[in-house]
Amino acid sequence: MAQAEGYKNGRINIILSENTPQSSANLRVKKQKHSPLEIVDKEFASFVGLNDLKTSIKEIYASILINEKRKEEGLKSSKQVLHMLFKGNPGTGKTTVARKLAKLYHDMNILSKGHFIEAERADLVGEYIGQTAQKTRAVIQKAMGGILFIDEAYSLSRGGEKDFGKEAIDLLVKHMEDGREDMVLILAGYPREMDRFLSMNPGLESRFPFILDFDDYSVDELLNIGNRMLSERQYQLSKQAEWKFRNHLAKKLREDNYNFSNARYVRNVIEKAIRLQAVRLLNSDKMVSRDLIVLTDQDLLLE
Ligand SMILES: Nc1ncnc2c1ncn2[C@@H]1O[C@H](COP(=O)(O)OP(=O)(O)OP(=O)(O)O)[C@@H](O)[C@H]1O
């Protein structure tokens with residue numbers, strides 16, 4: 001196990017005891033001389049915005065480390081339950097953050113494997129008696145040592161009391177109650193549907209100590225996300241294209257916030273623009289190297 005070794009200059013230094021199974025991950029932590037909270041900043045540096053969420057994750061991270069330290073010192077410590085509810089509109093980063101947490105928890109030695117399993121209703125719910133238990137147990141088994149992420153969790157209670165989805169929920173709850181710690185369950189979905197789902201399954205919410213809200217992005221944040229996606233691929237928007245995109249995003253946010261898919265929408269526009277630019281360049285007789293980088297307003301198909 002990694003251990004927290006005292007506090008120096010406001011930092012908790014992580015050291016390794018011998019025979020640590022994930023020693024390479026933790027050695028990385030030590031070599032870089034980052035404090036645990038800086039590690040969260042570093043891991044989440046590629047995420048635009050999400051400031052409240054980053055603060056919550058730091059609190060979780062800090063409380064886990066301090067709890068471990070208290071345990072070592074023989075002080076009272078609570079059992080760490082890390083199951084989470086993620087509430088946010090489409091494309092607000094729920095899946096991407098959950099994947100990142102799997103890695104972080106692995107580096108912290110909380111999860112032995114740190115892999116990420118995403119499951120939906122069809123993976124858990126069967127069509128005949130006995131099949132749901134089989135399917136759900138198999139998914140839980142596969143997720144042991146990692147994160148089990150169930151997107152649109154409310155789809156499990158779609159059919160009401162008689163539906164097998166209820167059985168899947170009960171099995172997941174039972175698994176959480178059994179207190180096997182080497183798996184984190186994250187139920188995710190859109191805020192309104194999640195709230196309805198939780199109100200229909202009393203007692204469920206209280207089993208999740210962490211509820212994280214993913215807010216919609218502002219126009220500036222969406223543009224920032226887009227520009228980062230482009231620079232990762234060595235592209236950029238022309239001034240005019242950026243202006244056009246900004247106005248369009250502002251209009252989108254005013255119009256249909258509920259169906260708008262936030263950062264995923266931005267990703268789709270950008271991927272389409274890259275394809276349209278390629279066709280435009282092949283059709284043009286003159287091409288200089290800068291043309292390979294710049295996406296113009298003609299390349300942005302905004303709908
Ligand atoms: N804050 C962010 N910074 C940078 N990129 C982001 C951010 N949030 C989301 N993205 C990008 O947007 C895309 C969609 O994100 P993701 O799939 O995590 O959203 P989601 O909330 O799980 O959506 P859904 O609920 O519809 O499945 C991904 O490509 C992701 O990398």
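**Ground rules.** I number residues from 1 along each chain as its sequence is written. The model is predicted, and local features need pLDDT of at least 70, side-chain atom pairs count only at pLDDT 80 or more, while totals for chains, interfaces and linings use all residues.

**Entry 1: the overall picture.** I began with the secondary structure and found eleven helices and nine strands. Helices (H or I, at least four residues) and strands (E, at least two) are DSSP runs, numbered from the N terminus. Next I looked up burial: 29% of the 303 residues are buried. A residue is buried if 20 or more other C-beta atoms lie within 10 Å of its own, exposed if 12 or fewer, and partly exposed in between, with C-beta atoms placed from the backbone. Then I turned to contacts, where two residues are in contact if their C-beta atoms, placed from the backbone, lie within 7 Å. Of the contacts with a separation of 6 or more, 70% join residues 24 or more positions apart.

**Entry 2: domains.** I found domain 1 at 1-80, domain 2 at 81-215 and domain 3 at 219-299; such bounds come from an automatic or database domain assignment. Where domain 1 meets domain 2, the contact takes 16 residues from domain 1 and 15 residues from domain 2. Which elements give two or more residues to the domain 1 side? They are α1 (23-32) and α3 (51-72). The largest share of that side, four residues, comes from α3. I sorted the domain 1 side by type and got ten nonpolar, four polar and two charged residues. For this, Ala, Val, Leu, Ile, Met, Phe, Trp, Tyr, Cys and Pro count as nonpolar, Asp, Glu, Lys and Arg as charged, and the others, Gly among them, as polar.

**Entry 3: two residues.** I picked Lys54, which sits in helix α3. Is Lys54 buried, exposed or partly exposed? Lys54 is partly exposed because 18 other C-beta atoms lie within 10 Å. Leaving out residues up to four places away in sequence, Lys54 touches Val40 and Phe44. I also checked Lys54 against Ala241, 187 residues apart along the chain, and their C-alpha atoms are separated by 31 Å.

Ile39 has 19 C-beta neighbours inside 10 Å, so it counts as partly exposed.

**Entry 4: α6 and α7.** Two packed helices are described by the angle between their axes and the distance between the axes. Helix α6 (residues 131-143) packs on helix α7 (residues 165-177) at about 40°, with the axes 9 Å apart. Axes are lines fitted to C-alpha atoms, for helices over the stretch in contact, and angles run from 0 to 180 degrees between N-to-C directions. That angle makes α6 oblique to α7; under 35 degrees counts as roughly parallel, over 145 as roughly antiparallel, 65 to 115 as roughly perpendicular and the rest as oblique. The contact residues divide into five nonpolar, three polar and two charged.

**Entry 5: α9 and α10.** The axes of helix α9 (residues 219-232) and helix α10 (residues 239-255) come within 9 Å and cross at roughly 130°. This makes α9 oblique to α10. Val219, Leu222, Leu223 and Gly226 in α9 meet Phe245, Arg246, Leu249, Ala250 and Leu253 in α10. I noted seven nonpolar, one polar and one charged residue in this contact.
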